[in-house]
Amino acid sequence: MSTFIIDTVGTLSTAGTLFIVSAGLTLVFGAMRLINIAHGSFYMYGAFLVTTVAGAGAGLRFWLAVLTGCLAVGLIGVAVEIGVMRRIYAREHLTQLIATFGLFLILADLALKFWGTSSRTVNAPAAVAGRLSVGGATFPVYDLVIVGAAVVVGLGLWALLQRSALGWRIQAAVEDPEALQAAGINLRLLRTGVFAFGAALAGLAGAVVTPQVAVAPGMDSAIIVSAFIVAIIGGLGSVAGAALGALIIGTAETIGTVVAPTWASTFIYLAMIVVLVLRPAGLLGVPERAR
Amino acid sequence: VTAVWRPLAGLAVLAAVLTGLGFTLGASSLLTLNEAVGLALFAVATNLLVGYGGLVSFGQAVFYGIGAYTVALGWEHLQWSYWEGLAAAPVLGGVAALVIGLIALRARFLYFALLTLAFSQLAYEIAENQYHFTGGANGVFGAMLPPSLAQPRTGYFFVLAVTAGCLAILWKVTASPFGLTLRSIRENRQRAEALGVNVFGHELIAFVTSGMFCSVAGALFVIYSQSAYPELLDWTQSGYAVFMVVIGGMFTFLGPALGALVYTLGQQYLVAHTTQWQLILGAVLVLIALFWSDGLAGLFGLAGRRLRRPGLARPSAADRGADAGAEQERTGRSPGVADEARR
C-alpha cells in the first residue's frame, strides 16, 4: 500500500510537468495549426532562468524566480512569434518544422553560451522541501506542488477556453479567421498572445520542475519528444487530451520502472504505439484534414 | 529521353570529379569528403520519402543508426567481417522500416512526422540503455574494418562506389512507374485512391526502400568513423537529414546529395572557425524556411522559375509525351493542372 501511494504521487508529479508543457504545445497547435519543435527550448530556458535568478537563496526568492522564468520565456515567445512564427502559419508543415527546428538549434546554442555545459541544481524553499508521511508512505512534498500547479493550469485553461469570450476567439482563430477579423478582432495580436502564452506555460513547467531535476543542456530535446508523445496520444489541439496523455505517459513510465528498469523508458513508446494503432488521431483528437 | 539521361549524366560528371579528388586530396580532407559522400546517400534516401512521397519523416536516423550498429555489433558479438555487416545492414534496416512503417503510416501529416520522431528517440534510448549489448552511451568502437578499407583512400573509393551504385538504383526507383505513382499520391491522395492505387502499400514500399538505403549509408559511416554510438539514432540526426534535403532542394533527385556536401563542408569549416556552428546552422534553417524553399537546386536551375520542381511535378518538354501520359493515366489529370493546384 505504501509503495502504491509513493508510485501514485510520483506518477502524478511526472504527469503534472508533462501536462503543463504539452498544454502549451497543444494550445498553440489548436489556435494556429503550428507544431513547434522549439517548445522544449522554452521549457529549458524556464529552468535555466530559475537557476540564475534563485541562485543559492531559497524561500521567497525561489518563487520570484519561477515567476520571472515564466514571464521572461513569455517575452521570448513574443519575440519569436513576431520574428518568425507569424510568417509561417500559412505555410506547409515541412516549412514549419524546418523553421522551428532551426529555432531549436539557435536557442540550444545560445543557452550553451549563457549557461555553459555543466548541470545546475536548485533547492526547493524550506516550506516545501521536506518529505511527507501518509499511511506509512513518505514522498517529497514538492511533488504536491507540481501536481497543484498542473491542476491550477488545467482548470485555468478550461475556464479560459470554455467559459470566456477570449477563449472562444482563440478557438475561432483556426476555424474561421476571416469572420473573426470581420468582427473587429485583432487577429495578429491574438496569435502573438496565444503563442506567448503557450511559451510561458513551457517556461513555467521548466521553472517549477527545477528542484527535482538536474538543469542541463539536452533538457530541451528530451522534453519535446515527451510532449509530442503526450500530444499524439491525447490528440493534437485538445487540452483535455494533453491531460489524459500526460497521465498515460506518467503511468507507463512508473509501471516500466517497477516491471523492467532497464527498459523503463521504452514503455512510454509502447503506450504511444498501442494508442496510435487503436486511434490514429489520438484519443481525443479529430483526424487532420488535408490543407 | 533527355529527362531520364540528364541526371544520369550529371551523376557521371559528379562521380568523375569525386574520383579525381580521391586521388589528389590529403588524408584529412579526404575524410571530410568521405563523410559527405556517405551522408549524400542518407539524404537522397530520406528524400524518397520527403520529396517524392510527401512524407515528412523525422525518423530516418533510426535506419542510419541501425546500419552502423549492424556492422559494429555484428563485429563485436558475432565476429562478423565488415562485408557480412554491410550485407546484413539493409536487411535489418528494411525489417525495422517495415515494422515502423506499418505503425507510423497509419497517421498522416504532422502525426506522421511526430511519430517518426518518437521512434527515433525510442531507438536512441534502447541503444543507450541496453549497456551490455550496445555499449551504452559510449557506443561501439574498434578495428572493425579489413585493412584494405581502413586505409583512407581505398575507404573513400569504396564509399564512393557503393554510394554511386545505390544512387543509380534509387534513380531507377524514382523514374519507375512506382516512383510516378508515389508522386501522384503526393499530389492528390484522394484521386489516387479513387483510381484504385493502393496508397498505403505504395507508401510502405517507399518507407522500406528508404529505410534500406539509409541503413546502407549507416554501414558506410563505419568506414570513416570505425564506430557506432547512440547519437546516430537521435531525432536531431534525422533532422539534419531533412535539413540536407531542404538545403539541397527536395524537388530534384541529386539536390539532397548537394545539400549533404554543403552541410558537411559547412560544418567542418564552421567548427574549425567558430564555436557557434549550431547557431549558424539554425539561422540558415530559419532563413531557408522563411524565404527560399527551393534549396540550392532551385538556384542552379537555369531559369529558376521555369525549372522549378523539374522532373517531379513537370516533366521536361521533350519528354512530356511519354512521361506525362503515364502520369496522366494514373492521376487522371494533366501535370499542368497538378502544377497549378500546388501554387
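How many residue pairs are in polar contact between chain B and chain A? The count is seven, with both residues of each pair at pLDDT 80 or more. The model is predicted.

**The interface**

Chain A and chain B together bury about 4100 Å². Carbon and sulfur atoms account for 76% of that area. In chain B, the residues that lose the most area to chain A are Leu110(B), Tyr111(B) and Leu114(B). Together they make up 18% of what the chain B side buries. The contact draws 47 residues from chain A and 42 residues from chain B. Salt bridges are absent by the rule applied: the number found across the interface of chain B and chain A is zero.

Which helices of chain B give two or more residues to the side that touches chain A? They are H5 (109–129), H12 (235–248) and H14 (277–291). H5(B) supplies the largest share, 14 residues. By class, the chain B side that touches chain A holds 29 nonpolar residues, ten polar ones and three charged ones.

**The cavities**

Two cavities of 30 Å³ or more are counted. The volume of the largest cavity is about 40 Å³. Its lining consists of Val44(B), Asn47(B), Leu48(B), Tyr52(B), Leu170(B), Thr174(B) and Phe253(B). Helix H2 (27–52) and helix H8 (152–175) of chain B each give two or more residues to this lining. H2(B) gives the most, with four residues.

| Lining of the largest cavity | five residues | two residues | no residues |

Terms used:
Residues are numbered from 1 along each chain as its sequence is written. Chains are lettered from A and ligands numbered from 1 in the order in which they are written. This is a predicted model: local features need pLDDT of at least 70, side-chain atom pairs count only at pLDDT 80 or more; totals for chains, interfaces and linings use all residues. Side-chain values use heavy atoms; hydrogens and water are left out. Contact means heavy atoms within 4.5 Å. Buried area is the accessible area (1.4 Å probe) that two parts lose on being put together, summed over both. A salt bridge is a side-chain nitrogen of Lys or Arg within 4 Å of a carboxyl oxygen of Asp or Glu. A polar contact is a pair of N or O atoms within 3.5 Å; within protein, one must be able to donate a hydrogen and the other to accept it, and residues adjacent in sequence count only if both atoms are side-chain atoms. Ala, Val, Leu, Ile, Met, Phe, Trp, Tyr, Cys and Pro count as nonpolar, Asp, Glu, Lys and Arg as charged, and the others, Gly among them, as polar. On a 1 Å grid over the protein atoms alone, a cavity is a set of points where a 1.4 Å probe fits but cannot get out, and a pocket is an open set with protein on both sides within 12 Å along at least five of seven lines; lining residues have an atom within 4 Å of a point. Grid points are joined across faces, edges and corners, and a volume is the space filled by probe spheres set on the points.
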